[in-house]
Amino acid sequence: MKQLRSQEWFGRKDKSGFIARSWLKNQGLPNDAFDGRPVIGICNTWSELTPCNAHLRDLAEQVKMGVLEAGGIAFEFPVMSLGEALMKPTTMLFRNLASMDVEESIRGNPIDGVVILANCDKTTPACLMGAASVNLPTLVVSGGPMLNGKHHGKDIGSGTDLWKFSEDLRAGIITQSQFDQSENDMSRSPGACNTMGTASTLACMVEALGLSLPGSAAIPAVDANRRRVSRLSGRRIVEMVKQDYKLSDILIRQAFENAIIVNAAIGGSTNFILHLLAIAGRMEIPLTLDDFDHLSQNIPLLVNLKPSGQYLMEDFYYAGGVPAVINQLLDKLHLDTRNVNGLTLSENYSRSETYNPQVITPRSKPLQENAGTMVLRGNLCPDGAIIKPSAATFQLLNHKARAFVFENIEEYNHRINDPDLPVAENDILVLKGAGPRGYPGMPEVGNFGLPLKLLKRGVRDMIRISDGRMSGTAFGTIVLHVSPESSVGGPLALVQTGDIIELSCERRELTLHVSEEELLRRRAQWQPDLPDYPRGYANLYIRTVQQANLGADLDFLIGQSGTDIKREPH
Ligand code: FES
Ligand code: MG
């Protein structure tokens, strides 16, 4: 084993070595803690303000035990945590900030290998982006989903059933008191959203990339198997350091392709695209929006989970989880990509079984034939837009109709409940100003609710188009991530109520049927519409964030800086 990076701190006989060891010894460490054994950083996104990650201190203890058992030493450190349920204006504004925290915390410290503890949506990509820019041996332990929600004899899912109850309440189908009653029953245990929302999607992505131990993605947060896998991960990272088995040995182009294919089969969140693009950017692996479209084609939807299907993450785990899905897709996947455990995809998954064909359907009877997220092109989205057909209304996937436009979220909030709103059920709803720079932060408002007057008439879905995102738990015929965004002058900025828009998923096109001359005339009158943040992180973000089709990372964060640091602190 070559000398470890941590010995640049601990292996010295001078004043610097004294400082590195002596101050840490105030935690009771014996001399042999610094004898050259692997030093593992446990990068913890624990926070009581991120409820989905509030149990991660407990898992960190398990990781620590595993590290010690394998002859390493572990230091747990906190990084910025991002909770979907609370943070305004949107956690997506802060994903890149958290990634900088992770990157510099790892690089600046005497760490040889990293275990990432993440769960809620943005915590996973933020940690991976930061770790990728350093490229040490790295292993991810996700926190796992909550137990299934149980309400009045039925299973209810995080987010998905809330969106439904909320529209039912607006439509007068349920009462306020019925709505309130479900609040205690939706979130019953530690863990992340129990639907195939973004958090669970990304836990599956992490496993498909090879970055967590096989079979770990779907284990419920409170299942003893989750603690066991944390302990085994602690043992394994020590071996990875000894083998100098780095992120770049695992995150090759083929691993990204595998993750895209698995994501199509599980009906994963649309946010997956943004985050995977950003991670690939840090690894300097070329990946484009079009890769997602062509790799997802002809991949059947096999996982019957909300929001695309019926069941929840607990059911998915009992049915076989990610191993069962990968096993069914072996003919579509790259078999020789490697997992953190050192084995190839085929070695890990060729014997995995499905235990419940209702939840994970066989390839011969998929839920849908071709349900992966589609990439749309056309004069309304020259750099692309996306739609998730598995969560949409089939009849609306090819539809030409009048646009009804909201210039921004404030106008939408002000008008949407107006009983006289001149909107028709056939219209296509358009929301501007929800992009990365314009909001700022690209919030999950793309699944904005329907006009009250139409809800009351029983309308349950309409095409909605925006430059924003939607929650991974959401559903509907929703076109997202329109690029370039309206606030920087993308064609979305020029749409007016009454224009004709055509969505053709068959041709993968999103077209604004307005003449070139008229669009030029409108463009001449258009003014940029960027929010005013004179200082602070939001100022930096608005100036440097890339568009959604590139993954919305800050332009100066793309790529790697590695592990070297040239100068000393003292
Ligand atoms: Fe944290 Fe959904 S709110 S995972
Ligand atoms: Mg979410």
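This is a predicted model: local features need pLDDT of at least 70, side-chain atom pairs count only at pLDDT 80 or more; totals for chains, interfaces and linings use all residues.
Biologist: Why is α4 called oblique to α5?

Modeller: The axes of α4 (residues 92-107) and α5 (residues 123-132) cross at roughly 45° and come within 7 Å. Helices (H or I, at least four residues) and strands (E, at least two) are DSSP runs, numbered from the N terminus. Axes are lines fitted to C-alpha atoms, for helices over the stretch in contact, and angles run from 0 to 180 degrees between N-to-C directions. Angles under 35 degrees count as roughly parallel, over 145 as roughly antiparallel, 65 to 115 as roughly perpendicular and the rest as oblique. The crossing at roughly 45° therefore makes α4 oblique to α5.

Biologist: Is the crossing of α4 and α5 left-handed or right-handed?

Modeller: The crossing is right-handed; that term applies if the near helix is turned clockwise from the far one by less than a right angle, and left-handed if anticlockwise.

Biologist: Which residues of α4 and α5 meet?

Modeller: Two residues are in contact if their C-beta atoms, placed from the backbone, lie within 7 Å. On the α4 side these are R95, A98, S99, M100, D101, V102, E103 and I106, and they meet P125, A126, C127, M129, G130 and A131 of α5. The contact divides into nine nonpolar, two polar and three charged residues, where Ala, Val, Leu, Ile, Met, Phe, Trp, Tyr, Cys and Pro count as nonpolar, Asp, Glu, Lys and Arg as charged, and the others, Gly among them, as polar.

Biologist: What makes α9 oblique to α12?

Modeller: The axes of α9 (residues 198-209) and α12 (residues 253-266) come within 8 Å and cross at roughly 140°, so α9 is oblique to α12. This crossing is right-handed. T201, C204, M205, A208 and L209 of α9 make the contact with A255, N258, A259, V262, N263 and I266 of α12. The residues of this contact comprise eight nonpolar, three polar and no charged.

Biologist: Why do β2 and β4 stand at the edges of their sheet?

Modeller: Two strands pair if DSSP finds at least two bridges between them. The open sheet has four strands in the order β2-β1-β3-β4, with parallel pairing. β2 (73-78) and β4 (138-142) each have a single partner strand, so one side of each is left without a neighbour in the sheet. The twist averages 20° from one strand to the next.

Biologist: How many bridges join β3 to β4?

Modeller: Five bridges join β3 (residues 113-118) to β4, and the two run parallel. V114 stands opposite T138 in β4.

Biologist: What is the order of the sheet of eight strands?

Modeller: This open sheet runs β7-β8-β12-β11-β10-β9-β13-β14, with mixed pairing. Its edge strands, β7 (374-376) and β14 (509-513), each pair on one side only.

Biologist: Which domains does the domain assignment give?

Modeller: The assignment gives domain 1 (37-147 + 189-350), domain 2 (157-186) and domain 3 (378-534 + 542-549); such bounds come from an automatic or database domain assignment. The centres of domain 1 and domain 2, taken over C-alpha atoms, are separated by 31 Å. Eight residues of domain 1 are in contact with four residues of domain 2.

Key. Residues are numbered from 1 along each chain as its sequence is written. Chains are lettered from A and ligands numbered from 1 in the order in which they are written.
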